[in-house]
Amino acid sequence: MTGRAMDPLPSPAVAAAAEAEADEEADPPATGPRTSQVTEWRALDPGRMQMPQGNPLLLSYTLQELLAKDTVQVELIPEKKGLFLKHVEYEVSSQRFKSSVYRRYNDFVVFHEVLLHKFPYRMVPALPPKRVLGADREFIEGRRRALKRFINLVARHPPFSEDVLLKLFLSFSGSDVQHKLKEAAQCVGDEFMNCKLAARAKDFLPADIQTQFAMSRELIRNVYNSFYKLRDRAERIASRAIDNAADLLIFGKELSALGSDTTPLPSWAALHLSTWGSLKQALKGLSVEFALLADKAAQQGKKEENDVVEKLNLFLDLLQSYKDLCERHEKGVLHKHQRALHKYGLMKRQMMSAAHGREPESVEQLESRIVEQENVIQTMELRNYFSLYCLHQETQLVHVYLPLTSHILGAFVNSQIQGHKEMSKVWNDLKPKLSCLFAGPHSVLTPPRSPQEDGVCPH
């Protein structure tokens with residue numbers, strides 16, 4: 001999984017390699033006010049100042065503790081220019097920071113980019129797609145829900161929740177939030193360069209980390225596939241409830257239209273004039289009950305969308321971010337590590353050829369390049385172990401979220417119970433009103449017989 005590994009470096013060499021990379025990748029120090037601002041941002045970041053207690057590899061959070069970190073609301077604030085919707089703003093409100101700020105989609109995009117830059121080895125949820133030409137309100141509402149899931153997953157992620165980038169995004173009320181985010185991200189390097197444990201990540205990893213990683217990845221892939229199917233079925237159930245509401249409403253309107261019909265009866269039907277008049281009056285009144293049934297069915301569908309489908313989507317977003325992280329590990333740092341090893345091997349062979357040819361200048365140049373490449377390999381190996389360290393923690397975080405399943409099932413069962421209970425009450429209230437629709441002998445009203453009844457008692 002990790003390719004060819006090298007022997008661990010002595011502690012001073014490890015620290016030197018990490019510092020060398022930090023000096024190489026960090027932006028040149030700014031002068032004047034910028035320097036004090038860098039100090040301010042670093043002072044605001046608790047992750048830089050504190051060393052974890054106990055085994056830093058293990059997460060001690062429960063699901064309730066993660067959910068209690070923050071709840072962020074994202075609401076639409078459309079801005080219209082003439083008759084056309086030019087752009088959409090979102091009001092983003094954080095319970096934790098007691099803040100409410102306005103953000104556009106591009107603000108989320110910049111926040112996502114700087115988050116990935118600073119935390120390349122963590123689960124950064126994906127953003128919903130950009131607005132397409134002619135996007136309708138259904139697309140805009142779907143994107144709002146996705147942005148809400150994104151920011152809540154970020155706000156409850158342990159490292160992200162303590163980072164200055166999140167606080168900036170959720171509480172900075174100025175108009176240049178994108179510039180502020182980029183400025184804060186440029187002040188420091190990524191998590192590897194700032195974590196005090198990065199150089200010793202290998203010491204905390206279990207010996208069978210590759211086996212554990214492969215097993216966890218397979219498990220999470222299977223869980224994702226199952227939850228994807230569950231989400232699809234939940235969407236269908238909620239959609240059927242909403243469709244049922246529309247059908248009930250139309251059914252009631254048709255009854256009302258029938259009761260309001262003013263077409264005169266032909267002469268041969270004059271005998272039944274009073275019967276038809278009574279029927280029309282009763283049918284006209286039934287539309288109110290069917291409108292109430294439609295409202296109850298719509299409420300149930302919306303409740304299932306919000307409490308069941310959205311929670312399933314939230315969990316799927318988390319699982320997808322884990323799958324994306326695994327791909328970044330394999331195609332990013334692991335691939336670079338293997339490429340650096342391959343380049344090192346080529347240099348060694350070139351040096352042997354130059355030595356046999358007795359070319360002192362070429363040998364000296366190659367020796368210098370080989371030393372540089374060894375430093376690159378050492379740094380890449382450190383990053384590889386730190387990536388595995390973070391992956392181990394992110395795997396634990398996914399497992400912390402697994403009990404969300406019980407929340408989802410509970411919400412689904414409660415929605416069904418409540419919805420059927422409320423609709424049953426309306427149906428039961430409706431049943432006695434049907435009696436006036438049926439006239440028996442001598443104008444005695446007799447409702448239709450139910451399949452369970454042995455006889456019919458006149459009303």
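Start at Arg-104, which counts as partly exposed because its relative accessibility is 38% (buried means under 20% relative accessible area, exposed over 50%, partly exposed in between, with a 1.4 Å probe and protein chains only). A quick word on the source: this is a predicted model, where local features need pLDDT of at least 70, side-chain atom pairs count only at pLDDT 80 or more, and totals for chains, interfaces and linings use all residues. Residues are numbered from 1 along each chain as its sequence is written, and side-chain values use heavy atoms, leaving out hydrogens and water.

So who does Arg-104 pair with? Its salt-bridge partner is Glu-89, with the closest N and O atoms 3.8 Å apart; a salt bridge here is a side-chain nitrogen of Lys or Arg within 4 Å of a carboxyl oxygen of Asp or Glu. Arg-104 sits in strand 3 (residues 99-104) and Glu-89 in strand 2 (residues 84-94), so the pair ties together parts 15 residues apart in sequence. Strands (E, at least two residues) and helices (H or I, at least four) are DSSP runs, numbered from the N terminus. Glu-89 is buried, at 18% relative accessibility.

Glu-141 is partly exposed at 25%, while Arg-144 is buried at 10%. Both belong to a network of salt bridges that also links Arg-145, Arg-149, Glu-310 and Asp-317.
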